[in-house]
Amino acid sequence: MDIASLKKLLAGCTPAELLIYFEQTSSTNDDLKQLAGQGAPAGTAVIAKQQQGGRGRLGRSFSSPAGGLYLSVLLRPKVPARELLHLTALAAVACCDAVEEVCGLRPGIKWTNDLVVGKKKLGGILTELSVDAKTGKTAYAIIGVGINCKTVPPEVAELATSLEKETEKPVSPEALAAAVIKSLGRMQGTMFAEKSAWLARYAADCITVGQEVSVVCGDSVRHATADAIGENGELLVTYDNGEKGIVSSGEVSVRGMYGYI
């Protein structure tokens with residue numbers, strides 16, 4: 001990552017002083033949390049060449065070797081957390097836009113936050129919120145993005161893929177980082193006024209809809225068919241016994257992906 005080139009690509013969009021780069025860090029989300037607590041403004045972005053403690057949903061580790069894009073962007077929406085239930089879904093669409101712009105390839109989205117190509121994982125989104133205990137409003141929101149650009153580690157090669165593998169072309173990490181930051185900025189500006197339109201795009205990109213799935217909540221595992229996306233990005237399902245359900249948390253496995261048969 002050439003941070004000077006990235007700053008040039010974002011000139012007039014993101015002030016250079018808001019772009020923070022590390023050759024190696026534990027987690028860009030954790031770095032940005034610390035900066036947010038110190039008063040960093042909205043639009044601050046932390047980017048790393050490599051993460052040692054990258055993570056995804058449910059506390060899972062996210063392999064983050066050199067050759068991927070790892071960045072986190074800070075938002076400061078002064079709204080109650082319940083009004084941001086759709087944030088992860090919108091961020092996923094924004095990242096698909098950025099990948100398509102730079103690489104000519106549009107990923108799909110596995111509910112709720114995985115970017116996929118075919119049956120393999122390309123990247124993921126991790127959103128984290130901090131709520132002001134006094135006002136009940138969101139103090140800040142962090143959107144973490146991890147995308148495999150070059151190769152993937154051998155231990156996950158059966159489950160994951162990369163942009164260069166799929167397109168057979170080199171990927172500029174600076175161009176992709178700039179596109180992601182700009183796309184998330186556009187999303188932030190319209191995430192409430194155009195919420196329905198964003199979620200319609202999410203539903204169109206979501207490969208989970210129409211699939212047989214396994215819904216895991218705690219020790220409970222239920223099989224279902226994914227029917228549609230709800231008004232806040234939830235997954236609407238029909239369980240095998242005919243019961244309708246709304247899945248807003250937990251893990252959803254799609255049959256035929258990530259080793260789920």
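Predicted model: local features only at pLDDT ≥ 70, side-chain atom pairs only at ≥ 80, totals over all residues.
Residues are numbered from 1 along each chain as its sequence is written. Local features need pLDDT of at least 70, side-chain atom pairs count only at pLDDT 80 or more, totals for chains, interfaces and linings use all residues, and side-chain values use heavy atoms, with hydrogens and water left out.

**Exercise 1. Describe how H3 and H5 cross, and what residues meet there.**

Step 1. Helices are DSSP runs (H or I, at least four residues), numbered from the N terminus. H3 covers residues 87-103 and H5 covers residues 173-190.

Step 2. Take the axes, which are lines fitted to C-alpha atoms over the stretch in contact; angles run from 0 to 180 degrees between N-to-C directions. The two axes come within 8 Å and cross at roughly 140 degrees.

Step 3. Classify the angle: under 35 degrees is roughly parallel, over 145 roughly antiparallel, 65 to 115 roughly perpendicular, and the rest oblique. H3 and H5 are therefore oblique to each other.

Step 4. List contacts (heavy atoms within 4.5 Å). Among them, Leu87, Leu90, Ala91 and Ala94 are on the H3 side, and Val180, Ser183, Leu184 and Met187 on the H5 side. The contact residues divide into 14 nonpolar, 1 polar and 3 charged.

**Exercise 2. Describe how H3 and H6 cross, and what residues meet there.**

Step 1. H6 spans residues 195-205. The axes of H3 and H6 come within 9 Å and cross at roughly 70 degrees.

Step 2. H3 and H6 are therefore roughly perpendicular to each other.

Step 3. From H3, the contact includes Leu90, Val93 and Asp97; from H6, it includes Trp198, Arg201 and Tyr202. The count is 9 nonpolar, no polar and 3 charged.

**Exercise 3. Find the residues with the most contacts inside the largest nonpolar core.**

Step 1. A nonpolar core is a set of buried Ala, Val, Leu, Ile, Met, Phe, Trp, Tyr and Cys residues joined through side-chain atoms within 4.5 Å. Buried means under 20% relative accessible area, exposed over 50%, partly exposed in between (1.4 Å probe, protein chains only).

Step 2. The largest core has 63 residues, and Ile147, Val180 and Met187 have the most contacts inside it. H3 gives the most to this core, with 12 residues.

Step 3. Beyond four places in sequence, Met187 touches residues including Leu75, Ile143 and Trp198.

**Exercise 4. Is Thr151 buried or exposed?**

Step 1. Thr151 sits in the loop between strand S7 (138-148) and helix H4 (163-167); strands are DSSP runs (E, at least two residues).

Step 2. Thr151 is exposed, at 61% relative accessible area.

Definitions and conventions. Nonpolar A, V, L, I, M, F, W, Y, C, P; charged D, E, K, R; others polar.
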